[in-house]
Amino acid sequence: MATTSCDVAIVGAGLGGCFLALMLSRRGQRVVVIEQGPSVPSAGADFLKPPGLQVLARHGLADLAGRHGLRRDVVRYYHDGEPIQECHYPDGFLIRPYRELVELIYTCCAMEGVDFWFDAGVDDITMDEGRVEELALSNGRRLRAGVVIGADGTRSAVRQALDIEPRTMPYDRLLMRVATVPLTASIARLNRLYFSSEGWFAYLYPLSRDQARVFVGLPPEDEEVIFQDGIPALTDELKKFVTESSDAFDWLRSATWQRIKVSTLRLGAYHKGNAALLGSAAFACHPMTGMGMSYTLRDAEILADVICAAGGDGELLDRLLSAHYEPRKHAHGQLIDYGDALVATFPDRDAYLAAFRRDLHVFGEAALPTPGPAELPALQPI
Ligand SMILES: Cc1cc2nc3c(=O)[nH]c(=O)nc-3n(C[C@H](O)[C@H](O)[C@H](O)COP(=O)(O)OP(=O)(O)OC[C@H]3O[C@@H](n4cnc5c(N)ncnc54)[C@H](O)[C@@H]3O)c2cc1C
């Protein structure tokens, strides 16, 4: 089969890959997105916080994203059944199932003429002098690109080809399950996040006008008992610390509980030569921060600027990625540390309240001091 050439090849059609593809194609780059699945990913995050909404707004997408989503502006936190605090979002946040959000950006990409190759996993990546030379795909096609982006999730094939070692830390003291249930009156009223001093949590929130999501976190020794012996035991445990959402309990018996594995991921480098990593291929934090998508959208914005400013010059691309993209490690590292702190402290009310940072929850990295003096080469507008 013939080899195809393009300006930018993006591996992975998740939020990061699709959003970057849109940014680049709007600026005249020929982009091919390669996705191993038959469509954009079906499962993932539900909350888009203010920093992510701001990124979408800068590119005329916030209204579109919000049109069929739910806007909320407060989360109430409980400890051993008692309310301990509320976190208010002055401009609200968006609840929208991941697939819908990614599909929306995918549709915008399709209108811009981005080429998507589905059912096309990466089989092999040929490297030459530290640069990605060619991608061989499971459907037999071959692809060459000036720039290659690994937006291919936590097990990134691009990251492996670049020989960038991941530092992964599973949250093995806190297992998580999620179920989708019919919306109840209490969940419609308020997002409620319950913690217990026994190391459990339960988060109940609306997903749409008729469905709700219930996340449960629990210690591994409890998980073995609760999910082997049946759902009624789960309800009995929840009754001990979930005090204002009992109208959801009946639905939990018949719900399908999906197990979710969560780990942190840190890297020493985000790029090599003409290739860079984006989204969950580059970093992963605990979902309690609710910020993974927001940071990924901002990262994609920066990558688009860098790629366009480099204008096909490989050496300049390498320098601009070092100067503008690698420093993202700092913000990601702080977010990962913050997620760790939330997970480590939630069974202890006072420790959790001391660790909780409303500014980080609401404003994300805008709440953090920027690292060092910005002695960076300016990005040229194109
Ligand atoms: C349980 C959980 C809840 C979360 N909740 C939130 C939240 O509420 N708010 C928030 O902001 N963030 C949340 N996050 C984080 C958020 O999901 C990520 O930041 C975001 O999905 C990153 O997008 P992505 O495009 O990098 O990855 P993904 O959506 O994982 O996309 C990667 C894509 O690459 C494809 N792929 C993988 N390997 C290959 C290959 N070899 N060849 C071709 N394609 C390949 C995959 O099929 C997939 O489609 C949560 C994360 C978890 C784990």
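**Helices, cysteines and loops in a predicted chain**

With 12 residues, helix 1 should span 16 Å at 1.5 Å a residue, and its end C-alpha atoms are 17 Å apart, which agrees. The expected span of a helix is taken as 1.5 Å times one less than its number of residues, and helices (H or I, at least four residues) and strands (E, at least two) are DSSP runs numbered from the N terminus. The structure is a predicted model, in which local features need pLDDT of at least 70 and side-chain atom pairs count only at pLDDT 80 or more, while totals for chains, interfaces and linings use all residues. Residues are numbered from 1 along each chain as its sequence is written, and side-chain values use heavy atoms, with hydrogens and water left out.

Helix 1 is largely enclosed by the rest of the structure, because 11 of its 12 residues are buried. Here, buried means under 20% relative accessible area and exposed over 50%, with partly exposed in between (1.4 Å probe, protein chains only). The buried residues of helix 1 are Leu 15, Gly 16, Gly 17, Cys 18, Phe 19, Leu 20, Ala 21, Leu 22, Met 23, Leu 24 and Ser 25. Just after helix 1 comes Gly 28, with a positive phi of about 90°. Just after helix 2, Gly 60 has a positive phi of about 70°.

Helix 4 covers residues 98–112, and its 15 residues reach 21 Å from the first C-alpha to the last, close to the 21 Å expected. Its buried residues are Tyr 98, Leu 101, Val 102, Leu 104, Ile 105, Cys 108 and Cys 109. Seen down the axis of helix 4, these buried residues fall within an arc of 150°, so they line one face of the helix; the arc is that of the directions from the helix axis to the C-beta atoms. The cover over the buried residues of helix 4 includes helix 1 (15–26), strand 3 (47–48), helix 2 (50–58), helix 3 (62–67), strand 6 (115–117) and helix 10 (292–310). Contact means heavy atoms within 4.5 Å. Helix 4 is followed by Gly 113, whose phi is positive, near 85°.

A search of the whole structure finds zero disulfides, a disulfide being a pair of cysteine sulfur atoms within 2.5 Å. Cys 108 is in no disulfide, and the nearest cysteine sulfur, that of Cys 109, is 7.1 Å away. Cys 108 counts as buried because its relative accessibility is 7%. For Cys 109, the closest cysteine sulfur is in Cys 18, at 5.3 Å, which is too far for a bond. Cys 109 is buried, with a relative accessible area of 0%.

Turning to the loops, two residues other than glycine have positive phi. Glu 129, with phi of about 50°, is found in the loop between strand 7 (122–128) and strand 8 (131–137). Glu 129 is exposed, at a relative accessible area of 79%. Asp 163 has phi near 60° and is found in the loop between helix 5 (157–161) and strand 10 (166–170). Asp 163 is exposed as well, with a relative accessible area of 61%.

Other loop positions are buried. Pro 219, in the loop between strand 14 (211–218) and helix 7 (220–229), has a relative accessible area of 6% and is buried. Leaving aside neighbours within four places in sequence, Pro 219 is in contact with Arg 173, Glu 198, Gly 199 and Trp 200. His 286 lies in the loop between strand 18 (275–277) and helix 10 and is buried, with a relative accessible area of 1%. Not counting residues up to four places away in sequence, His 286 touches Tyr 171, Leu 174, Met 176, Val 262, Gly 339 and Val 343.

For the chain as a whole, there are 14 helices and 18 strands. The radius of gyration is 21 Å, close to the 21 Å that the globule rule gives for 382 residues, so the chain is as compact as a globular protein of that length. This radius is taken over C-alpha atoms, and the globule rule is 2.2 Å times the number of residues to the power 0.38. Buried residues make up 54% of the 382 residues.
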